[in-house]
Amino acid sequence: MYKILLIGPQGSGKGTQAQILAEKFNLPIFSTGNILRQRIKQDDELGKEVGSVINAGHLAPDDLVNKIIAEKIKADGQNGYILDGYPRNLKQTEFLDGVDKLTHVLEIDLPDDEAIRRIGGRRTCPKCQAVYHIEYNPPKVGGICDHDGEALIIREDETEEALKKRLATYHQATEPVIDFYKRQGVHKQIDGRPAIERVAEEVMENLK
Ligand SMILES: [Zn+2]
């Protein structure tokens with residue numbers, strides 16, 4: 001049975017890899033954002049608590065996220081699952097370890113400069129939300145949306161400065177998580193630089 005955690009920085013393609021694995025093995029993906037949003041729809045006490053935190057624009061506290069993920073694992077994770085974006089720090093990791101033991105922790109590694117090249121090259125149309133990339137998917141005319149001629153922008157959270165900050169936060173928070181699973185002998189590092197298909201093959205190799 002596969003109980004997999006995919007871990008990786010923004011731009012590593014871990015969400016795509018999670019989807020590929022989910023289809024291949026018919027496993028549910030538990031991602032913090034989705035599970036919290038689903039949980040709000042259940043109009044009970046816990047649902048209301050999550051709703052008030054999210055609606056206030058706060059990051060859900062560890063205790064709350066832990067409780068909801070544990071509930072989800074018990075309800076829908078009995079035949080395996082893929083975790084995406086949880087646990088994201090040592091506190092959550094220690095909690096999860098008391099709930100269930102993971103079989104594979106796959107870290108999709110990407111150097112910071114490559115993450116910045118991938119994400120920082122994105123340009124978005126403020127009118128129709130179309131997303132381009134200056135290298136991989138450029139518009140026909142530089143800086144202009146193909147669909148409506150609007151000037152493309154760099155999203156605030158995709159500027160080089162914002163990305164550097166987020167990557168630093170990512171490394172700081174996830175390093176102890178990775179060390180934790182290294183000690184358990186379930187951690188594997190995969191090079192996230194090649195094309196999606198190649199990374200997917202590497203992921204499969206590491207699940208054998
Ligand atoms: Zn547009």
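This is a predicted model: local features need pLDDT of at least 70, side-chain atom pairs count only at pLDDT 80 or more; totals for chains, interfaces and linings use all residues.
Local features are given at pLDDT of at least 70 and side-chain atom pairs at pLDDT 80 or more, while totals for chains, interfaces and linings use all residues. Residues are numbered from 1 along each chain as its sequence is written.

Five strands make an open, parallel sheet in the order 2-3-1-4-7. Strands (E, at least two residues) and helices (H or I, at least four) are DSSP runs numbered from the N terminus, and two strands pair if DSSP finds at least two bridges between them. Strand 2 (29-31) and strand 7 (187-191) are at the edges with a single partner strand each, so one side of each has no neighbour in the sheet. Strand 4 (residues 104-109) pairs with strand 7 over five parallel bridges, and Asp109 has Asp191 of strand 7 as its bridge partner.

Helix 6 (residues 112-120) has Ala115, Ile116, Arg118 and Ile119 as its buried residues; buried means that 20 or more other C-beta atoms, placed from the backbone, lie within 10 Å of the residue's own. Down the axis of helix 6 these residues fall within an arc of 165°, so they line one face; the arc is taken from the directions from helix axis to C-beta atoms. Strand 5 (122-124) and helix 7 (160-184) are among the elements covering them, with contact meaning C-beta atoms, placed from the backbone, within 7 Å.

The largest nonpolar core has 29 residues, of which Ile4, Leu6, Ile82, Leu83 and Leu106 touch the most other members. Such a core is a set of buried Ala, Val, Leu, Ile, Met, Phe, Trp, Tyr and Cys residues joined through C-beta atoms within 7 Å. Elements supplying at least two residues each include strand 1 (3-7), strand 4 and helix 6.

Definitions and conventions. A residue is buried if 20 or more other C-beta atoms lie within 10 Å of its own, exposed if 12 or fewer, and partly exposed in between; C-beta atoms are placed from the backbone. Two residues are in contact if their C-beta atoms, placed from the backbone, lie within 7 Å.
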